[in-house]
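Hello,

Here is the structure we talked about handing over. Please open it first, then read the notes below.

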Amino acid sequence: MRSRIINTAIVLYFGLISLMVLGFAIYWHDFKKAPVQPINFSHQIHAGQLGLQCTFCHTTVEKSIRASVPTMSKCMECHKAVAKDKEEIIKLTRYWDNKELIPWEKVYSVPEHVYFSHKRHIKAGLDCSKCHGQLAAMPRVRQVTSIRMGFCIDCHKAKGVSRDCYTCHK
Amino acid sequence: MDFLDNMALYPSSEHIVLLKVIIGLMLLVHMPYISILLGGSLFSLFFSMLDKREPNATHLRFSKDLIHLITSKKSAPILLGVLPLLSLILSFAQLYQGSDLRITQYLLIVSLFSISGFILLYLFKSSFEKREQQFSTHVLLGLGVFVAFMVGYLIFSATTSLMFFPEKWNFVYTSFPIFVYENELPRAALFLFFTFAFTAAAILYFFLSWPGRKEIDATYGDFIRKFGAVVGLIFVLLIPIVVVWNLITFPDVAASESVFAVWGVTLLLLLITAILFNSIIKSQNRKLVTSTFILFLVTFGVMSVNDRIAAGNARYEQEKLLAAKADEIHQEILAARAAKSAAATQINGEEIFTNICTACHQFDQRVVGPPYMSVLAKYENDKDALVQFIMNPSKIDTDYPPMPNQNLRKPEASAVADYLLQEYVNRK
């Protein structure tokens, strides 16, 4: 009898832990997994196989705090003629024809209380892969660095640049 | 450790899979063994000290039996300890080639602590003979064993954890990657709790169920059964808390549906193990003991697989680039071989003429055979006939001796024929 009670308690305990693990799994799946994009753009093809430089599409990264997503006209420069029969290009063309913005899912988000300038980091000679990983090997972009404060401070310490609060919290 | 990087070639994608299998198998062999040594030596020391405090024949007997059990095979430290560690160092060096993770350095440090632990273990065992006279030495040696294995395998679990954090690799400067980030603590606790729970299962198995065991009396057997089952149950129940703690601090880059699913399987295995431990407290059924031990080994294997999946997730892109580089080098090697082969098959007809034919022939005068200018006319539009004659010469003109067969292969004969006919045309 006592053994049965203990066994039941063990099962309930493990059940509770399993529910917690399931909760972690669902949270990761919904908020942390590589987001599905409206068009399955592959950096592996464009940056990897074709060897396009990051700045070919992300034209504002050297001039602005933001590394913007390229305009549709940039995509259509090539895809007006290239791979027109591919499903993803058909989707792109549909957005272009309907003059609709592509609702890209953001992968990297810096909190609002943080000031981060892409321009400053590019001018400092930092390669995009330091924060964004090996994009040339990614069929779908995923977040590979936490971009939490510790990550930033580690790099600032290593490079010997300012760790003053005001540098990033203007 | 650049020399290891320089020795290793880039691994192909198939090679990467093979490396992961080797790593998984080595961990499955090595980690349970180290767990038994760590847990067994600590329990042995604990009962030895308990006996010293309050003399108890059972405690002292158990302390001695434990240390004899874990040191019974002298080859085990080499076969299950050093050799798997060396395999792991070489496999990880290959897998993490070119990365910033100083894995070889960390694992070499683990090896040093591990080897120290083996030496201290055997010294601790021999200290039982003079335990009464030199008790402090006996305790120090026991603690030394524990500390050596603990520090070494804390570094090991920290290194394993570091594999899930590629963003940290550039910034870990210390030789001991301990306590530089929050996931290390739950990983260290997981290792410790697993060690003690597995040691308890091993004690139950080797004392009560293993076919090669010594026969023991019922009272002693009951003591071992209750100790092993209670300790095992306590630590198995602590493991899930640490699993949750581990998942809280787990990096997103290493996570995937597979990782969570395998954690689910691990929890299921631990649940069954906990129920088995609880049953063993009351029951003397040997099958329960054997099942618990085997289930624990399976759980070790499952957790090892999970670590490989997580590390692979964290390094997915780097592994693809490594495999691409390996493919590139492989193609270069194949191209170089093809070029070499093509060069080797190009036959120089003029060279054969100079080395062989000129012994008997010239173009414009008789040497032994007829001058070429007088005999090649009939072959001018029939190269095949000339090739056939070169390969199978026959006597045609009675004024000349028969031409001996020069044993040329058809490509060689063809090359010579091309040269002769070209020279004939040039000289005409």
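**Helix packing, cores and the chain contact**

In chain B, α7(B) and α8(B) are roughly antiparallel, because angles over 145 degrees count as such and theirs is about 155 degrees. Please keep in mind that this is a predicted model. α7(B) covers residues 184–208, and its axis lies 8 Å from that of α8(B). Their crossing is left-handed. The contact between these two helices has 22 nonpolar, four polar and two charged residues.

Next, the nonpolar cores. The largest one has 101 residues. Ala197(B), Ala201(B), Leu204(B) and Ile239(B) have the most contacts inside it. α7(B) gives the most to this core, with 18 residues. Which residues does Ala197(B) touch, not counting those up to four places away in sequence? They are Gly232(B), Phe235(B), Val236(B) and Ile239(B). There is also a second, separate core of 12 residues. Val387(B), Ala413(B), Ala417(B) and Leu420(B) are among them.

Last, the contact between the chains. Chain B puts in 25 residues, and chain A also puts in 25 residues. On the chain B side, the elements that give two or more residues are α8 (218–248), α9 (257–282) and α11 (316–345). α9(B) gives the most, with nine residues. By class, the chain B side divides into 16 nonpolar, four polar and five charged residues.

Best wishes

Terms used. Residues are numbered from 1 along each chain as its sequence is written. Chains are lettered from A and ligands numbered from 1 in the order in which they are written. This is a predicted model: local features need pLDDT of at least 70, side-chain atom pairs count only at pLDDT 80 or more; totals for chains, interfaces and linings use all residues. Two residues are in contact if their C-beta atoms, placed from the backbone, lie within 7 Å. Helices (H or I, at least four residues) and strands (E, at least two) are DSSP runs, numbered from the N terminus. Ala, Val, Leu, Ile, Met, Phe, Trp, Tyr, Cys and Pro count as nonpolar, Asp, Glu, Lys and Arg as charged, and the others, Gly among them, as polar. Axes are lines fitted to C-alpha atoms, for helices over the stretch in contact, and angles run from 0 to 180 degrees between N-to-C directions. Angles under 35 degrees count as roughly parallel, over 145 as roughly antiparallel, 65 to 115 as roughly perpendicular and the rest as oblique. A crossing is left-handed if the near helix is turned anticlockwise from the far one by less than a right angle, and right-handed if clockwise. A nonpolar core is a set of buried Ala, Val, Leu, Ile, Met, Phe, Trp, Tyr and Cys residues joined through C-beta atoms within 7 Å. A residue is buried if 20 or more other C-beta atoms lie within 10 Å of its own, exposed if 12 or fewer, and partly exposed in between; C-beta atoms are placed from the backbone.
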